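Read the following alongside the sequence and the coordinates.

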Amino acid sequence: MELPILTLVTFVPMLGMIVVLLMSNNSEKGIKTVSTVFSGISLIFSVLLLVKFDRSMAGFQFIEKAPWIPPINVSYYLGVDGLSITMVFLTALLSFVAVIASYGIMDRVKQYFALFLLLQTAMTGVFVSLDFFLFYVFWEAMLVPMYFLIGIWGGPNREYAAIKFFLYTLLGSVAMLLAILAMYFTSMPHTFDIVQLSAAHPFAPRFQMIVFLALFLGFAIKVPVFPFHTWLPDAHVEAPTAISVILAGVLLKMGAYGILRISYPILPDAARSFAVPLAILAVINIIYGALVAMAQKDLKKLVAYSSVSHMGYVLLGIASMTTTGMNGAVMQMFAHGIITGSLFLLVGVIYDRAHTRDIDAFGGLAIQLPIFTGIMSLAVFASLGLPGLAGFIAEFMVFVGAFAIFKPIVIISAVGIVITAGYFLWMLQRMFLGKAQEKHAGFPDLSARELVSLVPLQILTVAIGVYPWPIIALMNSSMEALSHLMRGI
């Protein structure tokens, strides 16, 4: 009997949640250890997926399918291709890192880690679901743990940020639900099967346009696409460090994933019609996000708005519909996950020591915290797209893929790189260079636990920047097949 590896990678964290709930409230160290072990097992299964994945195949692999609600044709249907396996590994890796980064949580430890493990299961489930009903269940299941993780363990304005996040996401979810129901009742026979609908293309062009817009609202809020981005800075600023890592590293990827997994293959005529508007929204995201990031004094807000800008590159690669552009978009999703995950971890480290994120409150930290400075510099240079690091490869592929299709838009988008370099270098200059400040003299450098959560992300950032082919090979066949479909080849 073949190992149900997708079920295991998805539900092992939920099993961990059950174990955590059965433990005593006073066993804080045990709860953290158990959470680490179960999240780590999920990571091991995701690595096993990578090892066993056939990179030459464009279709879905490791398929698990069983009837779930037969009267309405709902199935427990899991599978991964080059797009989703990349996201599954990213989710498992960042979740494991975030669990380690959560060791500083001291209030209601049992509830925190139980909710976090539930969140990990829901996030992974989105990336492996091939049935709309199951996909929607996992998509909605993320809302509750994320709402409480921000609303209980967040900053001073946590309740406002949590409610805003919940309402925005719920609005998008309702639009998505209506689109799913419309596709279900229009398809003959009625089905929630994503693979079947992707292969059959059963919908008329006008119907596709309406459904595409409804789905886009749901996905655009998650990306986030301007002007649906306003929930993001509040959520990031108020969320605890580990949850900021998950927000930036995983949740923002779900919108782009939804466009590539659902909107493009099922509604190709509508997608082609909206290619130019998507590219225009992409350049707005890139330039607007970078300019607003430059104006920030709060370090966490700066990183949050840089995410708005960087997700614009993802949207631009998707809009190009070329193999190179879409490979670049998925690469940017992965690179942004590990780079911005590092940045949020580092923001959390300095906040733990200084209890402020005001950039102007620091100076000369390179003398007092040399290891912290080195790792922060590496993450910043990767984020601004320095050659040899993961961010450069992703942005370069997006530009190459999109240039032949949207020359003026790509030229304008390139200005975003200069602005990004400007605000990140200005931040480095203000915080780390100059004369050391007496009030920071006693700050300890990175601890062993902090290094354990940061170093793997730094190694991946450099490894992908130097030799990106292994990760491109994962997604290339799937993106090539999708590009051929979109361009009618």
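α3 crosses α20 in a left-handed manner, where left-handed means that the near helix is turned anticlockwise from the far one by less than a right angle, and right-handed that it is turned clockwise. The contact draws on Phe89, Leu93, Leu94, Val97, Ile100 and Ala101 from α3 and on Arg449, Val452, Ser453, Leu457 and Leu460 from α20, with contact meaning heavy atoms within 4.5 Å. Sorted by class, these are nine nonpolar, one polar and one charged residues; Ala, Val, Leu, Ile, Met, Phe, Trp, Tyr, Cys and Pro count as nonpolar, Asp, Glu, Lys and Arg as charged, and the others, Gly among them, as polar.

The model is predicted, with local features needing pLDDT of at least 70 and side-chain atom pairs counting only at pLDDT 80 or more, while totals for chains, interfaces and linings use all residues. Residues are numbered from 1 along each chain as its sequence is written, and side-chain values use heavy atoms, with hydrogens and water left out.

Helix α3 covers residues 82-101 and helix α20 residues 448-466; they pack at an angle of about 155°, and their axes are 8 Å apart. Helices here are DSSP runs (H or I, at least four residues), numbered from the N terminus. Axes are lines fitted to C-alpha atoms, for helices over the stretch in contact, and angles run from 0 to 180 degrees between N-to-C directions. α3 and α20 are therefore roughly antiparallel to each other. Angles over 145 degrees count as roughly antiparallel, under 35 as roughly parallel, 65 to 115 as roughly perpendicular and the rest as oblique.

A second pair is α15 with helix α21 (residues 469-486), which pack at about 135° with axes 9 Å apart. That angle makes α15 and α21 oblique to each other, and their crossing is right-handed. On the α15 side the contact is made by Thr323, Met326, Asn327, Val330, Met331 and Phe334, and on the α21 side by Ile471, Ile472, Met475, Asn476, Met479, Glu480, Leu482 and Ser483. By class, the contact of α15 with α21 has nine nonpolar, four polar and one charged residues.

For helix α5 (residues 132-141) and helix α6 (residues 143-153), the axes come within 5 Å and cross at roughly 10°. α5 and α6 are therefore roughly parallel to each other. Trp139, Glu140 and Ala141 of α5 meet Leu143, Val144 and Pro145 of α6, a contact with five nonpolar, no polar and one charged residues.

Next come the charged pairs. Side chains of opposite charge can pair when their charged atoms come close. A salt bridge is taken as a side-chain nitrogen of Lys or Arg within 4 Å of a carboxyl oxygen of Asp or Glu, and by this rule the count comes to eight salt bridges.

One of them joins the side chains of Arg357 and Asp298, at 3.1 Å from N to O. Arg357 sits in the loop between α15 (323-354) and α16 (365-368), and Asp298 in the loop between α13 (275-294) and α14 (299-320), so the pair ties together parts that are 59 residues apart in sequence. Arg357 has 16% relative accessibility and so counts as buried; buried means under 20% relative accessible area, exposed over 50%, and partly exposed in between (1.4 Å probe, protein chains only).

Another salt bridge links Glu450 and Arg353, with 2.9 Å from N to O. Glu450 belongs to helix α20 and Arg353 to helix α15, so this pair ties together parts that are 97 residues apart in sequence. Both Glu450 and Arg353 are buried.

Arg430 forms a salt bridge with Asp360, their closest N and O atoms being 3.1 Å apart. Since Arg430 lies in helix α19 (residues 407-432) and Asp360 in the loop between α15 and α16, the pair ties together parts that are 70 residues apart in sequence. Arg430 is buried at a relative accessible area of 15%, whereas Asp360 is partly exposed at 41%.

Two single residues remain. Leaving aside neighbours within four places in sequence, His236 is in contact with Ser244, Leu247, Ala248, Lys300, Ala304 and Phe344.

Phe166 lies in helix α7 (residues 158-186) and, at 26% relative accessibility, counts as partly exposed. Not counting residues up to four places away in sequence, Phe166 touches Leu143 and Tyr147. Phe166 and Leu143 are 23 residues apart in sequence and 6.6 Å apart in space, C-alpha to C-alpha.

Terms used
Helices (H or I, at least four residues) and strands (E, at least two) are DSSP runs, numbered from the N terminus.
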